[in-house]
Amino acid sequence: MTDREIPEQYLDGYDRILAEVSATGRRLTRDEIVSRRTLGEQAAEAGHGLRALISAHLTAARTAWPGTPGSADEALAAVQQVVDAFAEGYERAQLLAVRQEEAARREFIDDLLYGRSDLGRLAERAERFGLRLSHAHAVAVGQGSAAYDEGDPVARQVERALISRFGDRNVLLTTKDGRLLCIAPGHQNEVLTYFAKQAHAATDGGRVAIGRPQPGPGGVVQSYEEALNALELAERLALDEPVLRAADLLVYPVLTRDRQAMADLVVDTLGPLTTARGGAQPLLDTLTAYFDSGCVAAEAARRLTLSVRALTYRLERIHKLTGADPADPAHRYMLQTAVIGARLLGWPHEPI
């Protein structure tokens with residue numbers, strides 16, 4: 001916007017103040033400073049650029065200079081006070097606008113992720129933030145050792161990386177409950193994959209979970225909850241993968257859908273392990289390592305820092321206590337399912 005396009009209303013009274021202050025050498029009065037701040041706020045709210053506004057003030061000062069009494073130093077001091085007060089008002093209005101935008105964004109995100117708003121109204125608000133909720137969306141959630149908010153350097157680092165790589169792709173990056181979030185159209189899997197890579201690096205080895213694409217305004221909530229559940233599963237199962245996809249973990253919610261049935265399986269199958277010297281945990285860890293290594297004794301022994309002979313002894317002890325042989329395919333599925341259930345339910349540390 002050029003200087004000529006700046007309305008005269010934002011320079012109202014400027015020539016009079018300039019003449020009086022430069023002639024007398026006095027400083028601006030409180031009312032004069034307030035009036036300049038108010039004009040600065042109004043100019044910001046009207047969308048005028050600060051650079052053009054200051055240029056207009058300087059141009060007006062140059063125009064009035066020949067007829068302005070007093071010394072050049074007094075005139076420049078007056079210009080400085082006027083511009084400073086005007087810019088202060090402008091910046092205050094800008095800061096308020098930013099805070100209002102942040103509050104609106106946070107309210108939208110809360111409503112979106114908790115499904116507390118009318119879906120039609122929510123879809124309208126979503127377009128303001130680049131989302132079209134009539135399409136399918138997927139949510140990726142990044143979790144590190146610390147809690148992050150939108151002003152955190154980690155969040156800004158990840159956001160810059162995605163913008164640099166993909167530009168404007170109707171992607172929303174935000175934070176929620178100390179975690180990093182990326183909401184993207186369901187068909188743009190490459191965006192979520194790249195987010196996961198950047199979030200893992202920025203959080204110093206944090207973990208990222210990606211929910212499945214879900215359609216409609218409520219789809220974001222479903223995908224978000226899937227990602228959170230995947231993070232919880234990873235913690236309970238002590239999974240090592242830095243990136244988890246809810247689609248790859250669907251078997252676990254199925255196993256725990258009937259919690260009482262799973263608890264009965266764990267107690268009936270693994271309960272006898274509690275009578276072993278040292279309790280059930282060492283033998284449960286042995287079964288976990290054995291199944292995770294594909295039932296290869298040498299690999300399981302390496303993971304547990306045991307000799308193969310010691311591992312074999314433990315497996316025999318498990319067979320004797322439970323009546324189920326981990327090496328027998330007929331018993332293996334029941335044992336492995338029970339071990340997974342124990343890890344999901346926190347047994348034996350948590351009573352079930």
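User: What should I know before we start?

Analyst: This is a predicted model, so local features need pLDDT of at least 70 and side-chain atom pairs count only at pLDDT 80 or more, while totals for chains, interfaces and linings use all residues. Residues are numbered from 1 along each chain as its sequence is written, and side-chain values use heavy atoms, with hydrogens and water left out.

User: OK, the sheet. What is the order of its strands?

Analyst: The order is S2-S3-S1-S4-S5, in an open sheet of 5 strands with mixed pairing. Strands here are DSSP runs of E with at least two residues, helices are runs of H or I with at least four, and both are numbered from the N terminus. Two strands pair if DSSP finds at least two bridges between them.

User: Which strands are at the edges?

Analyst: S2 and S5 (243–245) are the edge strands, as each pairs on one side only. From one strand to the next, the twist averages 20°.

User: What holds strands of a sheet together in general?

Analyst: Strands of a sheet pair through backbone hydrogen bonds, either parallel or antiparallel.

User: So which strands does S1 pair with?

Analyst: S1 runs antiparallel to S3 (residues 179–185), with 6 bridges joining them. In that pairing, Ala-140 is opposite Cys-182 of S3. S1 also pairs with S4 (residues 207–210) in the antiparallel sense, over 4 bridges, and there Gly-142 is opposite Val-208 of S4.

User: Is S1 buried or exposed?

Analyst: S1 (residues 137–143) has 6 of its 7 residues buried, so the rest of the structure largely encloses it. Buried means under 20% relative accessible area, exposed means over 50%, and partly exposed is in between (1.4 Å probe, protein chains only). For S3, 6 of the 7 residues are buried too, so that strand is also largely enclosed by the rest of the structure.

User: And how do S2 and S3 connect?

Analyst: They form a hairpin with 2 residues between them, and Asp-177 in the turn has a positive phi of about 55°. S2 (residues 172–176) pairs with S3 in the antiparallel sense over 5 bridges.

User: What about S4 and S5?

Analyst: Those run parallel, joined by 3 bridges. Val-208 has Val-243 in S5 as its bridge partner. Helix H7 packs on the sheet and touches S1, S2, S3, S4 and S5, and its direction makes about 165° with that of S3. Contact means heavy atoms within 4.5 Å. Axes are lines fitted to C-alpha atoms, for helices over the stretch in contact, and angles run from 0 to 180 degrees between N-to-C directions.

User: New topic: how many aromatic pairs are there?

Analyst: A search of the whole structure finds 2 aromatic pairs. In Phe-166 and Tyr-194, the ring centres are 5.6 Å apart and the planes are at 80°, so that pair is edge-to-face. Phe-166 is in helix H6 (residues 153–166) and Tyr-194 in helix H7 (residues 189–202), so the pair ties together parts 28 residues apart in sequence. Tyr-290 and Phe-291 also form an aromatic pair, a tilted one, at 5.8 Å centre to centre with 55° between the planes.

User: What are the cut-offs for those labels?

Analyst: Rings of Phe, Tyr and Trp (its six-membered ring) pair if their centres lie within 6.5 Å; planes under 30 degrees apart count as stacked, over 60 as edge-to-face and the rest as tilted.

User: Which helix does H8 pack against?

Analyst: H8 (residues 219–237) packs with H14 (residues 329–345) at an angle of about 110°, and their axes are 8 Å apart. That makes the two roughly perpendicular, a label for 65 to 115 degrees (under 35 is roughly parallel, over 145 roughly antiparallel, and the rest oblique).

User: Last one: where is Val-296?

Analyst: Val-296 is in the loop between helix H11 (281–292) and helix H12 (297–303). Val-296 is partly exposed, with a relative accessible area of 42%.
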